[in-house]
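Subject: Structure for you to look through

Hello,

Here is the structure we talked about, with notes on what was found in it. Please keep it open while you read.

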Amino acid sequence: MSIVVTGATGHLGRLIIDALLAGGTPASGIAAVVRNKEKAAGLAELGVELRTADYDQPETLDGAFAAGDRVVLVSGSEVGKRVPQHTAVIEAAKAAGVAQLAYTSILGGPEADFDLAAEHQATERLILDSGLPYTLLRNGWYTENYTANLGPVLEHGAVVANAGEGRVASAARADYAAAAAAVVTGEGHLGQVYELSGDTAWSLAEYAAEVARQSGREVAYRNVSPEEHLAVLTGAGVPEPFAAILVDVDQAIGRGRLAGTSGDLARLIGRPTTPLADTVADALRQR
């Protein structure tokens with residue numbers, strides 16, 4: 001039996017493996033499902049087993065899982081392609097007889113009323129219909145979704161969004177990774193659904209003020225119309241379909257859909273979630 005992490009060379013997948021290792025899981029007990037072994041060379045050097053498979057080629061998933069494995073299905077990153085990709089993984093996991101399938105879904109699950117949630121909702125239904133032992137990890141927003149964009153923010157002195165006064169209970173990506181590691185190494189998580197988010201919800205005006213405080217530059221929140229935000233994003237090179245999804249998420253933030261603070265994340269990882277200020281500081285150091 002292994003703990004298997006799909007999408008293991010992605011940002012979240014790699015952090016899940018790091019969390020497993022830090023928690024005492026031996027590298028020999030971890031398997032990484034990857035598309036490209038060369039890209040995963042660092043994992044192999046640690047002693048992690050590599051299993052090559054491609055979500056878009058279901059036949060390659062035949063050897064990705066084994067009976068008794070505990071699997072973390074990290075949701076795919078290709079919006080619009082995720083339902084068939086996840087279907088292939090779920091079917092392969094069922095055929096192999098895995099002991100647990102933990103899926104990184106989205107905060108709110110079926111109650112999430114924004115476009116980005118649709119593929120997660122469909123995947124949750126597929127998992128429930130499969131009869132697999134499951135754990136649903138409904139991840140909220142990653143703070144890095146904002147701090148990864150610090151360059152333009154500092155250049156223009158503005159955080160541009162159409163979220164109004166909505167608040168975001170984000171957490172660091174590593175927090176969500178630690179939660180995934182916890183549910184596949186601990187007991188009592190089968191059949192459970194966790195609403196994962198940061199301990200504190202903050203507004204984009206507060207985020208802008210924190211960036212300004214730490215950078216020593218003038219940064220303000222500029223709330224714009226959805227149409228203007230879409231134009232800003234596409235003008236910056238974001239493909240229009242994905243830009244539209246981001247605009248839609250901002251509207252959901254304005255409705256309070258990403259502000260929930262259930263406490264599930266802190267309970268799973270056994271500590272407070274990473275404060276906004278800490279992630280901002282890390283991003284500024286890395287510039």
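Start with Lys-37, which sits in the loop between strand E2 (30-34) and helix H2 (41-46). Helices (H or I, at least four residues) and strands (E, at least two) are DSSP runs, numbered from the N terminus. This is a predicted model, in which local features need pLDDT of at least 70 and side-chain atom pairs count only at pLDDT 80 or more, while totals for chains, interfaces and linings use all residues. Residues are numbered from 1 along each chain as its sequence is written, and side-chain values use heavy atoms, with hydrogens and water left out.

Lys-37 has a relative accessible area of 42% and is partly exposed (buried means under 20% relative accessible area, exposed over 50%, partly exposed in between, with a 1.4 Å probe and protein chains only). Not counting residues up to four places away in sequence, Lys-37 touches Leu-50 and Thr-52; contact means heavy atoms within 4.5 Å. From Lys-37 to Ala-53 there are 16 residues in sequence and 9.8 Å in space, C-alpha to C-alpha.

Next, the sheet. Its 7 strands are in the order E3-E2-E1-E4-E5-E6-E9, and the sheet is open with parallel pairing. Strand E3 (49-52) and strand E9 (192-196) are at the edges with a single partner strand each, so one side of each has no neighbour in the sheet. Two strands pair if DSSP finds at least two bridges between them. From one strand to the next, the twist averages 20 degrees. Axes are lines fitted to C-alpha atoms, for helices over the stretch in contact, and angles run from 0 to 180 degrees between N-to-C directions.

Strand E1 (residues 3-6) runs parallel to strand E4 (residues 70-73), and 3 bridges join them. Within this pair, Val-4 stands opposite Val-71 in E4. Helix H4 (residues 118-130) packs on the sheet, where it touches strand E5 (100-106) and strand E6 (134-139), and its direction makes about 160 degrees with that of E5.

Is Thr-104 buried or exposed? Thr-104, which lies in strand E5, is buried, with a relative accessible area of 3%. Leaving aside neighbours within four places in sequence, its contacts include Leu-12, Val-72, His-120 and Leu-137. Thr-143, in the loop between E6 and helix H5 (144-147), is also buried, at 1% relative accessibility. With neighbours within four places again left aside, Thr-143 is in contact with Ser-170, Ala-171, Ala-172, Leu-276 and Thr-279.

Last, two pairs of helices. The axes of helix H8 (residues 204-215) and helix H12 (residues 276-285) come within 10 Å and cross at roughly 50 degrees. That makes H8 oblique to H12 (angles under 35 degrees count as roughly parallel, over 145 as roughly antiparallel, 65 to 115 as roughly perpendicular and the rest as oblique). Among the residues in contact are Tyr-207 and Val-211 of H8 and Leu-276 and Val-280 of H12.

The axes of helix H9 (residues 226-235) and helix H10 (residues 240-254) come within 9 Å, crossing at roughly 140 degrees. H9 is therefore oblique to H10. Residues that meet there include Leu-230 and Leu-233 in H9 and Ala-243 and Val-247 in H10.

Regards
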